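Here are a few exercises to work through with the model open beside you. Try each task before reading its solution.

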Amino acid sequence: MHVSAGTEDADAWGQVARVPMPAGPHRVWVNDRVFRHSLLFDGDDGRMLGAVDAGLGLSSKPPYPAPGRNEVYVVESFYSRGHRGQRTDVVTIYDATSLSALGDVEIPPRVADTGHGIALAALLDGERFLAVFNQAPGSSVSIVDLEERRFVEEITTGGCAGVYPVGPRRFGMLCGDGTALLVELDENGRKASLAPSEKFFDVVTDPLTVSGVRDGGRWLFASFEGFLHAVDFSGSAPKPAEPWSLFTASERSDEWRVGGVQHLAFHGPTRRLYSVVHQGGPGTHKDPGPEIWVYDVDRKERVEQLDAPNVLFGFIRPFVGVDSTSFTASVLRTLLPSPGVHSISVTQDEAPLLFARNTDLGSVGVLDARSGEHVRDLEEVGLSGTMLVTVAP
Amino acid sequence: MSVTFDPKARRSLDRWCEDAARGLARRFGRRSFLSRLGLGLVGGAALPLLPVARAAPGARAGGPDEDITGPEGDPTKCEYWRYCAIDGLLCSCCGGSVTSCPPGTEMGPVTWIGTCRNPKDGKDYVISYNDCCGKTLCGRCFCNRNEGERPMYHWYRNNDINWCMGLQSQIYHCSTALVLGVAVEGQPEK
């Protein structure tokens, strides 16, 4: 076929889109461990906006957005021969608008790898320092200075895991002796102090899940048996508050319990805590939940019970070619069994959206976080993944 | 790794797929397979001297009674008795066995442990879930059971962690389940 080039009807070659800016309040990153990347979606219309890759690992580590720097960071591991050879770990720096890699910072090749990806790294307030959890199997944290784009140092944190940011130069950790640890950095990102709390939980009989949510200088953690622990990291050492029960005695006898992966979400302005719950015995702490219970953390009481969205329809709809507004779709939504959800995340604006996913289905349910109404699905988000990262504008 | 797929939910989904999706789309079937393949996982390794193991010295004589009928005696099934705290792909389905890694992989030297009850002899055994590493996910026989499993700060009871640490390559392939000995105490939830 002969096509004359350069006519005014032809599209320009080589166009590359950019992520629309300024960002709205309803954006979410969705990771996928099979494709080893994370996709960015707009929760208002379900549109995909772009992607970043994730290196090797079990969970596909999530992106850490830094709106103030207009950058996105991903912690990645590579081998010199694909899956063999010398291991190299880096923090890759992306421009948040072009999603092009601007460079990377090499860090010690000991970055922790878990199936869930929860709390393995944290961007500290002010967006200057990134803390990366290592486990080999001794635990430590690597500090990266994002302003100078250099590795600062590795801080030994034996017996403690996870990183929970609480300020520009401080973060918390949970420890295997039932304490929390506060790590404080100096102005250059080097270790200034380590301060443990007193023992406040039992790691065997009722451990805290690592899927905490931040409330200012506090982090809220749920225990396996359904007690909420608030740990204040704003002082000189972590200060745990008296835990309170997420379940009544009657609910406990009916075996309601917390569970999933990223199973808590917190909307700061309304003080609402969202918790994925299911019915099951001990050992079911990773099971998906059919409901999401909502608590007022100041009144320490439940205020609502929401149904988890059925994410199965959103998963199969693109494959069966059913129009999402058709009668067939409404029938399928009713008939399909709901597999429940493992992970949730809520935006922080005045009209918040709650995102929910099952780790083994490639769709995300989008709820109005105030009413619980299932407003849409994010479809074809991947094949299997654990996390949802909402992005503050 | 943690791949948090609930076996009961998976069975339910499997049934649904068989009953409802049979004529629906070959693509869905393939996707379901890929989804499971993605259920990455982690495995464990050997910590025979860890105090946590609490295995009775010398109690290995004879080993557990493996003459068990049904899935609790089948190392290719999630219900197999040794898998009470496994979160990973079964090496028994990947060219290895419950005690050996598939060809060309390496067994991790550190691990997480579980305490599982043998249904035949009624004894509790300390199980070491050594991961096999150096090739990408086997992708077969994913199981996730969490009896006695604890979060990653309690690392030797955690099955989320990639337990290929200490090897040349930390690429996870599948998990084994080695008996370390008779446990002197049951797992914490029993």
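The link of Cys160(A) and Cys175(A) is right-handed, with 95° about the S-S bond. This is a predicted model, in which local features need pLDDT of at least 70 and side-chain atom pairs count only at pLDDT 80 or more, while totals for chains, interfaces and linings use all residues. Residues are numbered from 1 along each chain as its sequence is written, chains are lettered from A and ligands numbered from 1 in the order in which they are written, and side-chain values use heavy atoms, without hydrogens and water.

**Exercise 1.** Find which parts of chain A the pair Cys160(A) and Cys175(A) ties together.

*Solution.* Start with the sulfur atoms: those of Cys160(A) and Cys175(A) are 2.1 Å apart, and a disulfide is a pair of cysteine sulfur atoms within 2.5 Å. Next, place the residues: Cys160(A) lies in strand S12 (residues 160-167) and Cys175(A) in strand S13 (residues 170-175), so the pair ties together parts that are 15 residues apart in sequence. Strands here are DSSP runs (E, at least two residues; helices are H or I, at least four), numbered from the N terminus. Finally, check the cover: both Cys160(A) and Cys175(A) are buried. Buried means under 20% relative accessible area, exposed over 50%, and partly exposed in between (1.4 Å probe, protein chains only).

**Exercise 2.** How is the aromatic pair of Phe201(A) and Tyr153(B) arranged?

*Solution.* Rings of Phe, Tyr and Trp (its six-membered ring) pair if their centres lie within 6.5 Å; planes under 30 degrees apart are stacked, over 60 edge-to-face, and the rest tilted. By this rule there are 15 aromatic pairs over all chains. Phe201(A) and Tyr153(B) are 5.5 Å apart centre to centre with 80° between the planes, an edge-to-face pair. The pair crosses between chains. Phe201(A) is buried at 5% relative accessibility, and Tyr153(B) is buried at 3%.
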